[in-house]
Amino acid sequence: MKRSMLFTPANNAGNVMNAGALASDRIILDLEDSVSPLEKDAARMLAYYALKYMDYEKEVVVRINAITTPFWKDDISAVVPGLPQFLMVPKINCADDIRIIDEYVCEVEAKHGIEVGTVKLIALIETALGVENAFEIATSHARVSALFLGAADLSSDVHSVRTPKGEEIAYARSRVVYAARAAGIDAYDTPWPFIHDMEGAEADAMTAKQFGFTGKVAIYPAHAELFNRIFSPSQQEIEYAFGVIEALAEGEQQGKGVLTYNGEMIDAPSLLRAQQIVDMVNEMKGGRQA
Amino acid sequence: MNIIKAASAGTYESSDAFVEIAPCEQGVSITLESVVEKQFKKQIQATIMDVLRACDVAHAVVRVKDFGAIDCVLRARVHTAICRAADEKKVQS
């Protein structure tokens, strides 16, 4: 499942140890903002040993430092041998940024006998330039498996202020989702920054789902639990999806391409959406996607 | 790796360990304080020795204050302290 990803400071032993027990679908071991420059080495080492020895029973992402810092190559050298499923790469502005990172990841994978291309990338879009180049980034390399919109840095970059309603990021949300979907990859929405405002978190996640995001990144464990619920299909959606599939199957036997279900016109696009919901239900049950 | 200066790694927080390492002329000595010393002293010492051997450290004074760190945390903290004491940043050999 990929409804939520939860940030965990990679240098906090207790958090790293307990991350697997929390509700998020994926864990992000963070080497960037939550780790001071003097502790980057310790965080890398802890991330590597956690990847090597911990059985999280969920996919693990490592957020490395941006390529504009002196840390990113050491981050990759340290954690790629531990085989995280994904590296989250911050402040990606263009396709060339991805190519620079890919080149070095290839080198490290080859050095450690890991099949080249194994470790996927999640591109963090958090600048105006990154938003404008979202599709170019999404299609820059087969390693790129998702785009993640980071609204905190983005708001600063566009001289805006992050608000609970999020109107200032509506354009970026749309552009990131369209770029990701056009490229056939996932899109993750920005974290909800107001930690104890759970009602706001719920409304924000509903908005993100409506925009078309795959899931949402969390900075607080309770948010991850909430996001899992929001990004799971509701009972109503599930019943509707099965109803649509059944109605269209019956319609097909009768030679009808378009028909009505519960008073709504349904056709091929309705089937596609219904199938996406059924796929999610199967995935939640631990089954395979159709 | 050659231990050329005193260094430390880790914290005093629960589930973590604080490791200090310093140069020594002859052999390795380990001092351990742990909240689970009675139950796991031998295993913790074995883990520390394992990391020292893997890093090829033959001479060092090691002091570990353990606050319930699991094996991989202890390994990470000892390894970090060794790298810092040897002025070496590489994680994997």
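Let me start with one pair: Ile28(A) stands opposite Val61(A) in strand β3(A). This is a predicted model, in which local features need pLDDT of at least 70 and side-chain atom pairs count only at pLDDT 80 or more, while totals for chains, interfaces and linings use all residues. Residues are numbered from 1 along each chain as its sequence is written, chains are lettered from A and ligands numbered from 1 in the order in which they are written, and side-chain values use heavy atoms, with hydrogens and water left out.

Strands here are DSSP runs of E, at least two residues, and helices are runs of H or I, at least four, numbered from the N terminus. Two strands pair if DSSP finds at least two bridges between them.

Now β2(A), residues 26-30. Five bridges join β1(A), residues 4-9, to β2(A), in parallel. Pro9(A) has Asp30(A) as its bridge partner there. Right-handed means that, with the strands pointing away from the viewer, the path from the first strand over the helix to the second runs clockwise.

On the other pairing, β2(A) and β3(A) run parallel with five bridges. With helix α2(A), residues 40-53, they make a right-handed β-α-β unit.

Moving on, three bridges join β3(A), residues 59-63, to β4(A), residues 86-89. Arg63(A) is partnered by Met88(A). Overall, chain A has a closed barrel of eight strands, β1 to β8 in order, with parallel pairing.
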